[in-house]
Amino acid sequence: MDSTLVNWEALDRLILDFAKSENLIDDSASTSTISFPSSSPSSFSSSYQSRFIIRQIRRFLESGDIDSTLHLLRSHAPFILDDRRLLFRLQKQKFMELLRRGTDEARDSAIECIRTALAPCALDAYPEAYEEFKHILLAFIYDKDDQNSPVAKAWSERRRFEIAGLMSSVLRAHLQAYDPVFSMTLRYLISIHKGFCIHQGISSPISDLTERLLLEERDPPAVPQESFYEAPPFDEVDIQALAHAVELTRQGAIDSLRFAKGDLFQAFQNELCRMKVDVSMLDELVREYCVYRGIVDSGLALPSVPGLKTLAEPLKVGQSEPGCCSSRNYSFEVDNTNNKHSDGENSVSNAHMNVSPEDSVDVNSIQGTDVELRYACESTSYHEDCSTSGSHQAGISKVLQRNRNYTIGERSKRKRWRGRQDEEDYKQDLNATATSTNLSRDKQGFEKHPSADINARDDKNEIVLGMKELVGRGMAAEVVEEVTALDPNFFMQNHVLLFQLKQVEFLKLVSSGDHTSALRVASSHLGPIASRDPSLLKPLKETLLALLRPNEDALGKGLPLHALSTSLQVAIGQKLGIEEPQLMKLMRATLHTHNEWFKLQMCKDRFESLLRVDSLKDVNTPLISACSMSKSNADSCTHGSSQVTISSSTRVSEEGSSPAQESSRDVCDENAILKVMEFLALPRADAIHLLAQYNGNAETVIQQIFA
């Protein structure tokens, strides 16, 4: 079901934008510097500040604090209080909250609220408001615990959540405080995925994620003002597109368009943001993906002190890690180039200090210097590797030693995950309602093996990320050497990846003008691999054509390095037991069903550009594409829902429509499709199917249905 190629670079950009927009990462400094950004709303973007205020208002309403809500509205959104309909609902809820307290003083305050606020507002809020006002007075004589009273619904605390959702919908639209694009895209794709699975009668392979992430409940829709009811009629194409995109009735779509003053895309965003997601779970999915992709640091290192470049992993001097067969010695490299004295004191630019586990280190004594932490030896054994082959374990250790300095340098460039520190109360509320969401397998593993397993996994992930970065820089020969040291049999099982890496090496040599070495690579590696796999002969020929264009950037045009680096990351990660992020599985499955759904609809998705869905499907076919793999290698690359990934440039071609779909499309006129959809309230695919049975005649279809 998950055969769709995904542009992971485009997803990286979307997720990074999401993390920045939600203030989840510290974008002001690398992981090597301790930084605590101001929690003042003024330091955030205008959009974030608006969303933060909306969440505060929502929290106050859900807790029954109407006075605090009114105070925030007067300060940040006074236009809400100018809408008599909304003001009446707020005052009515305030009256009920005062009575809920059950004290004489609160009852007196409730009476005062009726006289000064609720009654005057009821006169001109909306036609039914005065009747509602008289009805709510029954709350004086019926107890809140009486489930059979005529005001039981007014007493229900569910009313708090209803008015909180309504206010959120109205504020979001007026302040243009929409959720980040990725959050809306995920809602949309999951919604389509669920609908497709139901329509086709199939089970979803990611239902455990989608059911927990996208909640069934939605916020109430924002009701258009009466002046909008006389708006000109909307295009039926827009009405049907909106109704079926976000699962609305036709009248619901019309009301949504009225509220948005006819702006289809604004109405679409309003409706998407009404869908509720488990924010805590979404944040964890994003964090897991960002760590896997090297966007943020894993957070397993100790916070650094001033002058400390980075820590590759926690420094625990005087204490050996649980499960380790032996302890580690550490080596500090101290750079005092910025602290030299004229008299020569402390003028040594690079001093080394070996630290054994029995030694103590005064971190403060090295402040003001640039310090780099390395291992003097790597003889650690990990819990999860004790049962694996000795050569595999030795390979990990050797690669760690050779790439320690490089890994440290790359890690220092990553961003620091900070989470929702600026709204702790909100976060705690969410966590309290989502205790069953034990998403992170990392956390479960941490509880079982608090040090050894976590560090082992972190080391392995650093190896994979280091190799991914090397491929991105075109250092293919070095990558082959490192992978072979890690697992001598890896390329025997992944010969296409070896072919691609040697392509990079060949093209790099051609670009530098070293044709002799390039031909040596081709004859020693590319030729023998292609002779064993005939599907590689065509890309081999295309690669050799680079010799005819010596002045061009053969490497840049010949192979998308980001695609190859991600493919290698997935394959090596699987070999080391690193599971791919759940978000990758989610995106792959939902993008596939998005493709299939719109094949059934026989139309283009009008909202895919707005949500960047088209960019997530934009792929660039390299010299060796996924379809040219031998079956054995494709199976190894797609194990565990993973597959060779492609970079962005050209839109991946979707599978052709079936003959039945083509014939239906020829028979059906667009106006006829819309007419059947409107009169019979049918999905587009069902309307097309019916029209195909009656030669595209909409009137005949409607007559037969009502006959």
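Just after helix 27, Met602 adopts a positive phi of about 55 degrees. Helices (H or I, at least four residues) and strands (E, at least two) are DSSP runs, numbered from the N terminus. The model is predicted, with local features requiring pLDDT of at least 70 and side-chain atom pairs counted only at pLDDT 80 or more, while totals for chains, interfaces and linings use all residues. Residues are numbered from 1 along each chain as its sequence is written, and side-chain values use heavy atoms, with hydrogens and water left out.

Helix 27 comprises 20 residues (582–601), and its end C-alpha atoms are 29 Å apart; this agrees with the 28 Å that the helix should span at 1.5 Å a residue. The expected span is 1.5 Å times one less than the number of residues. The helix is mostly covered, since 17 of its 20 residues are buried, where buried means under 20% relative accessible area, exposed over 50% and partly exposed in between (1.4 Å probe, protein chains only).

Glu580 is located in the loop between helix 26 (561–575) and helix 27. With a relative accessibility of 5%, Glu580 counts as buried. Its side chain makes a polar contact with the side chain of Arg588 at 3.4 Å. A polar contact is a pair of N or O atoms within 3.5 Å; within protein, one must be able to donate a hydrogen and the other to accept it, and residues adjacent in sequence count only if both atoms are side-chain atoms.

## A buried arginine

Arg418 belongs to the loop between strand 8 (415–417) and helix 17 (424–433). Its relative accessible area is 4%, so Arg418 is buried. The side chain of Arg418 reaches the backbone oxygen of Asn23 at 2.9 Å.

## Aromatic pairs

The structure holds 9 aromatic pairs. Rings of Phe, Tyr and Trp (its six-membered ring) pair if their centres lie within 6.5 Å; planes under 30 degrees apart count as stacked, over 60 as edge-to-face and the rest as tilted. Two of the pairs are tabulated here.

| Pair | Centre to centre | Angle between planes | Class |
|---|---|---|---|
| Phe18 and Phe182 | 5.8 Å | 70 degrees | edge-to-face |
| Phe88 and Tyr126 | 5.7 Å | 85 degrees | edge-to-face |

Phe18 in helix 1 (residues 8–21) and Phe182 in helix 10 (residues 181–200) are 164 residues apart, and their pair links distant parts of the chain. Both Phe18 and Phe182 are buried. Phe88 lies in helix 5 (residues 84–100), whereas Tyr126 lies in the loop between helix 6 (104–122) and helix 7 (129–136), so this pair ties together parts that are 38 residues apart in sequence. Phe88 counts as buried at 0% relative accessibility, and Tyr126 counts as buried at 14%. Ring pairs also join Tyr188, Phe265, Phe268 and Phe607 into a cluster.

## The chain and the confidence of the model

The chain contains 33 helices and 10 strands. Of its 707 residues, 52% count as buried. Among contacts (heavy atoms within 4.5 Å) with a separation of 6 or more, 75% are between residues 24 or more positions apart.

The average pLDDT (the predictor's confidence in each residue, from 0 to 100) is 75, and 66% of the residues score at least 70. Over residues 425–450 the pLDDT stays under 50, and the model has 34 contacts beyond four places in sequence for this stretch. Over residues 622–660 the pLDDT is likewise below 50, with 99 contacts in the model beyond near neighbours in sequence.
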